[in-house]
Amino acid sequence: QHAQGQEGVHSLTFDVSLFMKLSSKMGCGFVVYNPARLKYGMVSEILLPIHLRFDFQYDIGRNILLFAAIDKELRRDWYVRLGALYKIKVLFIGMQVQFPRIVCGISGCIAWQRFLLGADFQYTHPLGLVPRLKCQIIW
């Protein structure tokens, strides 16, 4: 059973994003998560929420990237997310924290040509640990 008394289900969705370099060290982006309004567990009547996010990043070194994001889930509050990524060759390791709803997470990602393959593990109250897998294609 899910932490909130809901049945545990697996869901699949996608996001559409745009990123722009502002300088050699700074960039910003915009993301729409779940624009197709897919459903929990693919067959449920409950829709996955649509998220809008504005990202800002700053490279502070050859291997370290800091980022900040403003996240808005439709029909819910705004959230601020702060984090850092560390690059070791093709491997990215990241940490983040979100507030006012507290979410802490770690992530890992491998870059290969135009693909990013990775996993996230976030701790959210009251859900507990939430794992996610991701595959990104860079156009």
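What follows is a short tour, from the overall fold down to a pair of rings.

Keep in mind that this is a predicted model. The chain is built with nine strands and zero helices, and 23% of its 139 residues are buried.

**Fold and dimensions**
- The C-alpha atoms sit in a box of roughly 45 × 30 × 25 Å, taken along the principal axes.
- The radius of gyration is 16 Å, which agrees with the value near 14 Å that a compact globule of 139 residues would have.
- Take the contacts between residues at least 6 apart in sequence: 20% of them join residues at least 24 apart.

**Surface and charge**
- The chain shows about 10200 Å² of accessible surface, and carbon and sulfur atoms account for 66% of that.
- On the charge side, there are 16 positive and 9 negative side chains.
- The centres of those two sets lie 8 Å apart.

**The aromatic pair**
- The structure has one aromatic pair.
- Its partners are Trp112 and Phe115, with ring centres 6.0 Å apart and planes at 20°.
- Planes under 30 degrees apart count as stacked, so this pair, at 20°, is a stacked one.
- Are the two partners buried or exposed? Trp112 has a relative accessible area of 54%, so Trp112 is exposed, while Phe115, at 32%, counts as partly exposed.
- The cut-offs behind those labels are over 50% for exposed and under 20% for buried, with partly exposed in between.

Conventions. Residues numbered from 1 in each chain as written. Predicted model: local features only at pLDDT ≥ 70, side-chain atom pairs only at ≥ 80, totals over all residues. Heavy atoms only, no water. Helix = DSSP H or I, 4+ residues; strand = E, 2+ residues; numbered from the N terminus. Rg over C-alpha atoms; globule rule 2.2 N^0.38 Å. Buried < 20%, exposed > 50% of the residue type's maximum accessible area, 1.4 Å probe, protein only. Contact = heavy atoms within 4.5 Å. Areas by Shrake-Rupley, 256 points an atom, 1.4 Å probe, with all protein chains shown as cover. Lys, Arg positive; Asp, Glu negative; His and termini not counted. Charge placed at Lys NZ, Arg CZ, Asp CG, Glu CD. Phe/Tyr/Trp six-rings, centres within 6.5 Å; stacked < 30°, edge-to-face > 60°.
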